[in-house]
Amino acid sequence: MDLRETDVVTRISANIETEDFAAAAALSERLIGEFEATELEIYRADPEGGWTGYLVSVGYRTPPADGEDPAETLHRAAVPALFHFGLNAEFFEIHGTPETGQYGSYDAYDTRADGFTLYSLMAAVGGTDPREPAYVTRHDFTPRAETDVISRVHLYVPTGDLRLAVNLCGRPAADLSASLLRISTDAGPCEAVLLSAFPALAGESGEEALSRVTTEVTDRLSRVNMSVRAIHTGLDDDPFYTEPG
């Protein structure tokens with residue numbers, strides 16, 4: 001994906017206490033509309049991580065202005081989110097230096113909003129690479145096991161509308177028992193990544209589990225009406241050392 005590297009991406013992260021994916025998707029669509037977001041992530045909370053339900057993150061872009069230093073761009077980029085949630089801009093902190101790289105953050109932990117809890121607001125140059133590794137939980141919110149097989153599927157979504165892409169990805173997310181859905185766009189068709197954790201069957205070796213899950217995922221994707229870019233499976237959270245292509 002061709003990220004505009006000089007743009008600042010402000011990421012808003014929230015927790016919605018529900019096990020209903022449709023409710024999490026509705027929240028993401030609402031935040032996309034409110035902030036004209038270009039990237040999002042919906043993922044099941046880790047049952048051992050302190051949150052319940054789903055975590056939703058959206059990111060919107062702000063290009064730098066002429067003559068503006070990085071810290072000024074970071075502050076300006078965060079203003080729409082700070083104002084929207086009634087947060088005090090004085091507590092938005094800039095970290096790092098121009099030489100080493102800078103980012104801005106607001107510790108919004110436990111900030112109640114309309115039907116959800118805001119827990120993080122960050123601004124940084126660049127965006128989220130859809131191939132970035134991420135921890136993925138089981139679809140039923142139960143704790144993971146070392147023998148779980150992780151699948152990662154890359155899809156091209158036939159729309160540049162991020163809200164419509166969320167809707168289109170609901171079916172494959174359900175078919176794949178996905179616990180993480182990441183969608184991004186760069187003024188073109190959206191790219192989606194879905195991660196799932198499949199428990200191994202009793203008495204099944206790692207090789208047998210990998211083979212079974214790969215076959216199951218491939219079969220389920222035959223019902224998806226969009227282009228499949230890549231499928232990967234592995235026994236850890238970063239089995240994707242080969243770039244999709």
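Let's start with the outward face of helix α5. The face turned away from the buried side of α5 carries Glu 207 and Thr 215, both exposed. Exposed means over 50% relative accessible area, buried means under 20%, and partly exposed is in between, with a 1.4 Å probe and protein chains only.

A word on the source. This is a predicted model: local features need pLDDT of at least 70, side-chain atom pairs count only at pLDDT 80 or more, and totals for chains, interfaces and linings use all residues. Residues are numbered from 1 along each chain as its sequence is written, and side-chain values use heavy atoms, leaving out hydrogens and water.

Back to α5. The helix runs over residues 206-221. Helices (H or I, at least four residues) and strands (E, at least two) are DSSP runs, numbered from the N terminus. Which residues of α5 are buried? Ala 209, Arg 212, Val 213, Val 217, Arg 220 and Leu 221. They sit on the same side of α5, because they cover an arc of only 160 degrees around the axis. That arc is taken from the directions from the helix axis to the C-beta atoms. In general, an α-helix has 3.6 residues a turn, so residues three or four places apart point the same way.

What covers these buried residues? The cover includes β8 (149-157), α4 (170-175), β10 (190-198) and β11 (227-234).

Ser 196 counts as buried because its relative accessibility is 1%. Its side chain reaches the backbone oxygen of Leu 176 at 2.7 Å. Leaving aside neighbours within four places in sequence, Ser 196 has contacts that include Val 136, Val 149, Ile 150 and Leu 176. Contact means heavy atoms within 4.5 Å.

Next, the domains. There are two: domain 1 (8-125) and domain 2 (148-237). Their bounds come from an automatic or database domain assignment. The C-alpha centres of domain 1 and domain 2 lie 25 Å apart. At the boundary, 15 residues of domain 1 are in contact with 16 residues of domain 2.

Last, the cores. A nonpolar core is a set of buried Ala, Val, Leu, Ile, Met, Phe, Trp, Tyr and Cys residues joined through side-chain atoms within 4.5 Å. The largest has 54 residues, and Ile 42 and Ile 183 have the most contacts inside it. Helix α1 (residues 21-35) gives this core its largest share, six residues. A second, separate core has twelve residues, among them Tyr 43, Tyr 119, Val 193 and Ala 197.

Technical notes. Expected span 1.5 Å × (residues − 1). Polar contact = N/O pair within 3.5 Å; in protein donor to acceptor, adjacent residues only side chain to side chain.
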